[in-house]
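Work through the exercises below with the model open beside you. Try each task before you read its solution.

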Amino acid sequence: MQLASIFLVVLFIASNIHAANNPTFIFHTDLLDIGLPIFDISLKPSEHDVALDKYLSHPMMQIAFTRYSSLSRPPESRVDRKLYSDFIHKLWADNENQIAHPRMQYILPHYKWGMMHLTTVKADSELVKKQFRIWFNTAVEQLPWQGNFIRASTDPIHIVFLFDPGGSFPWVTESSGVEYIFVDVLQLRGPGDTNRESPPDIDITTGLLVHELFHIVQNDSNKPNNAGQWLIQSAVAEGAACLYGNNVPDSRGQKILPKKPIRFPQAITDEWLREILSAPAQIKPFLTLASEWSKKQPKDEEKLEMLTKGKWVATPGNKLYIGNIYRVGAEMLLKIKGELGEKAFADILSHSNKLPEYWSKLEDMHKQVKSSPVAAP
Ligand SMILES: [Zn+2]
């Protein structure tokens with residue numbers, strides 16, 4: 001009896017600590033109502049224009065366009081208001097063969113599907129409005145709160161549901177010191193051309209939200225001031241977010257939660273399982289590139305070209321959903337966790353610049369094991 005009550009008190013304190021860390025959210029679903037007429041082909045052109053203008057003028061769309069038109073993105077992945085507006089007009093005029101921009105070609109299937117399935121888009125929007133609080137509460141519960149690499153979040157996080165103008169899904173951004181997560185309702189059933197018959201999978205959606213929330217709550221002391229540090233930080237942040245949010249395996253098939261499924265849409269899971277096999281061979285070129293970029297800052301164009309051609313980031317050109325930075329990060333982190341232990345793993349998550357140092361420790365360990373003589377029987 002006494003033991004049970006001590007246990008209850010401990011549990012109460014633990015849950016209160018957790019509650020104090022919980023981020024608060026401000027949800028924005030109005031873009032779903034404002035944007036729905038984009039997909040309604042029964043409207044007159046003048047009605048379409050009014051609706052599109054209202055959608056494009058929404059303050060959250062300005063934040064989206066700022067992110068998508070950033071010069072830090074490869075040119076073929078940049079989207080601004082004009083490009084997107086032209087894209088929608090071409091769709092309405094049934095001129096999709098005039099859509100030449102690679103990023104617009106990439107989002108074309110999402111929008112075509114939306115126009116052919118207005119009632120489904122509406123139903124998914126209604127589902128979001130009913131369920132989003134539950135999805136986010138579940139995602140918050142699943143963050144690795146026990147880790148000392150998580151920071152308590154005091155400022156509210158804005159969650160924006162929309163029909164995404166650039167087709168990332170979902171994504172985080174920061175604007176004037178405020179954190180945002182944007183969630184594309186057109187892709188709740190899966191990305192690209194995948195089969196969209198089934199309703200949104202809640203477990204997969206939650207996994208994607210855990211991934212994005214992890215980016216906001218990860219407390220990394222590394223504040224990159226060159227491209228090399230940025231590369232290392234990205235590999236740690238994206239690798240860890242994939243491990244905790246999407247429960248992805250490394251090249252040996254090991255995961256953080258071995259008995260639970262991968263939480264990516266099917267097309268991204270297929271890509272991960274195929275591409276992760278080459279991750280071990282990519283670690284060395286990755287660390288070499290990071291070290292070169294730390295010594296000598298590359299020109300912006302050169303950097304973007306290397307990132308795109310080397311498939312380190314996903315672009316319409318290399319046809320990846322996820323860049324190799326994610327996989328190389330997850331591969332190194334899981335191996336370090338397994339062989340150097342939890343402490344080393346946690347240390348990297350709070351000081352991502354230590355990744356190369358821990359990785360060479362692991363390699364030294366392997367070399368010693370190989371060269372040590374076999375004991376006589
Ligand atoms: Zn991410």
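This is a predicted model: local features need pLDDT of at least 70, side-chain atom pairs count only at pLDDT 80 or more; totals for chains, interfaces and linings use all residues.

Residues are numbered from 1 along each chain as its sequence is written, and side-chain values use heavy atoms, with hydrogens and water left out.

**Exercise 1. Find the protein donors of the zinc ion.**

Step 1. Look for donors, meaning N, O and S atoms within 2.8 Å of the metal (3.2 Å for Na, K and Ca); water is not among the atoms, so sites may look incomplete.

Step 2. His 211 (NE2), His 215 (NE2) and Glu 238 (OE) lie 2.0 to 2.1 Å from the zinc ion.

Step 3. Read their spacing in sequence: H-x3-H-x22-E. His 211 sits in helix α8 (residues 202–217) and Glu 238 in helix α9, so this pair ties together parts 27 residues apart in sequence.

Step 4. Check burial (buried is under 20% relative accessible area, exposed over 50%, partly exposed in between, with a 1.4 Å probe and protein chains only). His 211 is buried at 6%. Glu 238 is buried too, at 16%.

**Exercise 2. Describe how helix α9 packs on α13.**

Step 1. Helices (H or I, at least four residues) and strands (E, at least two) are DSSP runs, numbered from the N terminus. Helix α9 covers residues 227–246, and α13 covers residues 324–340.

Step 2. Their axes are 7 Å apart, at an angle of about 75 degrees. The two helices are therefore roughly perpendicular, a label for angles of 65 to 115 degrees.

Step 3. List the contacts (heavy atoms within 4.5 Å). Among them, Trp 230, Leu 231 and Glu 238 are on the α9 side, and Ile 325, Tyr 326 and Leu 333 on the α13 side.

**Exercise 3. Find the residues of α13 that meet α14.**

Step 1. The axes of α13 and α14 (residues 342–350) come within 6 Å and cross at roughly 145 degrees.

Step 2. Leu 333, Ile 336, Lys 337 and Leu 340 are the α13 residues in this contact.

Technical notes:
Axes are lines fitted to C-alpha atoms, for helices over the stretch in contact, and angles run from 0 to 180 degrees between N-to-C directions. Angles under 35 degrees count as roughly parallel, over 145 as roughly antiparallel, 65 to 115 as roughly perpendicular and the rest as oblique.
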